[in-house]
Amino acid sequence: MVFTKDLSDWLNITYDREWLEENVRWKDFGTGVRLGKLAREGPTSLVLYDCEAEVEVDAFMPHMHPGGEVYLVLEGEVYDEDGTYPKGSIVWMNPGTQHTPKTRENTLILVLWPDGVKVI
């Protein structure tokens, strides 16, 4: 089950791209997608995904989250089998949920994985 709420009407988040570039360890997948690790404690991770406007179609592999996933779209738009999530959307996916997300535009996503990711 997926729960989503568009918070863009009242949520105004700002961030400093220059600071992110200087302070986040980015892993570039060569597909137009970079992963920035912010924090990790045991199996729980807080990461940023930074996606170019013209990201390759298969940049995100089909995967599942054993402990669920929650993410906030800071910039751009994410979509998957269950819907479309524009800037300001918060998305909660129950444990075991599977999906293959894609993005439109330059997209920045703050993601919390309580128990990691498993490619399917």
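Which ring does the charged end of Arg 34 sit over? Turn to Trp 26: the charged end of Arg 34 lies over the ring of Trp 26, 4.1 Å from the ring's centre. Keep in mind as you look around that this is a predicted model.

Let's begin with the strands in that part of the chain. Strand E2 covers residues 25-28 and strand E3 covers residues 33-41, and the two pair in the antiparallel sense over four bridges. You can pick out who faces whom. Arg 25 has Lys 37 in E3 as its bridge partner, and Lys 27 stands opposite Leu 35 in E3. Between E2 and E3 the hairpin has four residues, and in this hairpin Gly 30 takes a positive phi near 75 degrees.

Stay with Lys 37 for a moment. This residue belongs to strand E3. Is Lys 37 buried, exposed or partly exposed? Its relative accessibility is 48%, so Lys 37 counts as partly exposed. Lys 37 and Trp 26 are 11 residues apart along the chain, yet their C-alpha atoms are separated by 6.9 Å.

Now follow E3 onward to its other partner. E3 and strand E4 (residues 44-51) also pair in the antiparallel sense, over eight bridges. One spot to check is Gly 36, which stands opposite Leu 48 in E4. The hairpin of E3 and E4 has two residues between the strands, and here Gly 42 takes a positive phi near 60 degrees. As a bit of background, in a regular strand the side chains alternate between the two faces of the sheet.

Those glycines had positive phi values, but what about other residues? Most residues other than glycine have a negative phi. Glu 105 has a positive phi of about 65 degrees although it is not a glycine. You'll find Glu 105 in strand E10. While you're in this area, look at Arg 104 as well: its charged end sits over the ring of Tyr 79, 3.9 Å from the ring's centre.

Next up are the aromatic rings. A pair of aromatic rings is described by the distance of the centres and the angle of the planes. How many aromatic pairs does the structure hold? There are two. In one of them, the ring centres of Tyr 49 and Trp 113 are 6.2 Å apart and the planes stand at 70 degrees, so this pair is edge-to-face. Tyr 49 is in strand E4 and Trp 113 in strand E10, 64 residues apart, so the pair links distant parts of the chain. Why is Tyr 49 called buried? The cut-off for buried is under 20% relative accessible area, and Tyr 49 has 14%, so it is buried. Trp 113 has 9% relative accessibility, so it counts as buried too.

The other pair is made by Tyr 71 and Tyr 85, and it is edge-to-face as well, with 6.3 Å from centre to centre and 80 degrees between the planes. It also links distant parts of the chain: Tyr 71 is in strand E6 and Tyr 85 is in strand E7 (residues 83-86), 14 residues apart. Both Tyr 71 and Tyr 85 are buried.

Rolling a probe the size of a water molecule over the atoms shows where empty space is left. The largest pocket has a volume of about 380 Å³. It is lined by 21 residues, and the closest to its centre are Tyr 49, Phe 60, Met 61, His 63 and Val 117. Strand E6 (69-80) and strand E10 (102-113) each supply at least two residues of this lining, with E10 giving the most, four residues. By class, the lining of the largest pocket has 14 nonpolar, five polar and two charged residues.

The second largest pocket holds about 180 Å³ of space. Sorted by class, the lining of the second largest pocket has six nonpolar, one polar and three charged residues.

How values were computed
Residues numbered from 1 in each chain as written. Heavy atoms only, no water. Pairing = 2+ DSSP bridges. 1 Å grid on protein atoms, 1.4 Å probe; cavity = no way out; pocket = protein on both sides within 12 Å on 5 of 7 lines; lining within 4 Å. Points joined across faces, edges and corners; volume = space filled by probe spheres on them. Nonpolar A, V, L, I, M, F, W, Y, C, P; charged D, E, K, R; others polar. Phe/Tyr/Trp six-rings, centres within 6.5 Å; stacked < 30°, edge-to-face > 60°. Buried < 20%, exposed > 50% of the residue type's maximum accessible area, 1.4 Å probe, protein only. Lys NZ or Arg CZ within 6 Å of the ring centre and 35° of its normal.
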